[in-house]
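Here's a quick tour to read with the model open beside you.

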Amino acid sequence: MKQSDYLQDNLEIVKSLRKLPILQSMEERHVKGLAKLCRITQYDSGETIFEEDKFDKFLYFLISGKVKIVKKGTEVGTFDRVGDVFGEMAVIDSKARSASVIAATAVNCLKMDISYLEQLPENERETAAYVVYRVFCDILSTRLRQTTEELIKAKDEIKRLQSLPQ
């Protein structure tokens with residue numbers, strides 16, 4: 001893994017962050033606040049970004065590449081779109097990681113240190129916290145909708161299989 005310093009007020013980075021779909025509608029001052037919590041990290045294919053059942057304080061925004069989500073040794077999903085976010089559950093509930101994330105290809109991420117929020121000046125802390133929690137709401141809403149659709153499909157498939165002659 002290679003990692004940059006914290007991004008601070010780098011205007012080019014802030015412009016790049018605004019291209020992430022989840023941040024496009026946010027005000028520039030909020031994106032600048034968010035940038036102060038972030039580093040750019042690079043992972044080689046096959047490298048573990050974080051491990052199931054381990055603790056850390058990071059949230060990740062995918063910039064490029066593809067990652068796979070692995071739970072108890074089974075791949076349960078992938079992320080490969082610019083702006084995909086992962087690692088939010090452990091940040092929200094302060095529990096161990098519920099799955100591992102592994103670089104399926106060379107990966108570039110924005111790695112956000114959530115614990116750094118407490119070190120920011122109060123006015124910046126509020127801005128950064130607003131952005132982080134808004135991101136969480138967007139992520140969780142989208143994932144809940146997707147999970148509901150998958151559950152409906154799985155239940156329909158179970159009903160179909162149960163109705164087949166034995």
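What follows covers the ground rules, the pocket, the cores and the salt bridges.

## Ground rules

This is a predicted model, so a local feature needs pLDDT of at least 70 and side-chain atom pairs count only at pLDDT 80 or more, while totals for chains, interfaces and linings use all residues. Residues are numbered from 1 along each chain as its sequence is written, and side-chain values use heavy atoms, with hydrogens and water left out.

Helices (H or I, at least four residues) and strands (E, at least two) are DSSP runs, numbered from the N terminus.

## The largest pocket

Let's start with open space: the largest pocket holds about 910 Å³. Its lining counts 32 residues, and F79, V85, E88, R143 and Q146 are the closest to the centre. A pocket here is an open set of points on a 1 Å grid over the protein atoms alone, where a 1.4 Å probe fits, with protein on both sides within 12 Å along at least five of seven lines; lining residues have an atom within 4 Å of a point. Points are joined across faces, edges and corners, and the volume is the space filled by probe spheres set on them.

The largest share belongs to α4, with 8 residues. Sorted by class, the lining is 15 nonpolar, 8 polar and 9 charged residues. In that count Ala, Val, Leu, Ile, Met, Phe, Trp, Tyr, Cys and Pro are nonpolar, Asp, Glu, Lys and Arg are charged, and the others, Gly among them, are polar.

In soluble globular proteins, nonpolar side chains tend to be buried together. The largest nonpolar core here has 18 residues, and L37, L59, F61, M112 and I114 have the most contacts inside it. Two or more residues of this core come from each of β4 (58-64), β9 (107-113) and α4. The biggest contribution is from α4, at 6 residues.

Apart from that core lies another, of 15 residues, including Y43, F58, L62 and I69. A core means buried Ala, Val, Leu, Ile, Met, Phe, Trp, Tyr and Cys residues joined through side-chain atoms within 4.5 Å. Buried is under 20% relative accessible area, exposed is over 50%, and partly exposed is in between (1.4 Å probe, protein chains only).

## Salt bridges

How many salt bridges does the structure hold? There are 5, each with a side-chain nitrogen of Lys or Arg within 4 Å of a carboxyl oxygen of Asp or Glu. One of them joins K71 and E52, at 3.6 Å from N to O. K71 sits in strand β5 and E52 in the loop between β3 (48-50) and β4, so the bridge ties together parts 19 residues apart in sequence. K71 is partly exposed at 34% relative accessibility, while E52 is buried at 16%.

Next up is R97 with D56, whose closest N and O atoms are 2.2 Å apart. This pair links distant parts of the chain, 41 residues apart: R97 is in the loop between α3 and β8 (100-103), and D56 in the loop between β3 and β4. R97 is buried at 3%, whereas D56 is partly exposed at 27%. Finally, D84 and R81 meet at 3.2 Å, N to O, with D84 buried at 8% and R81 exposed at 53%.
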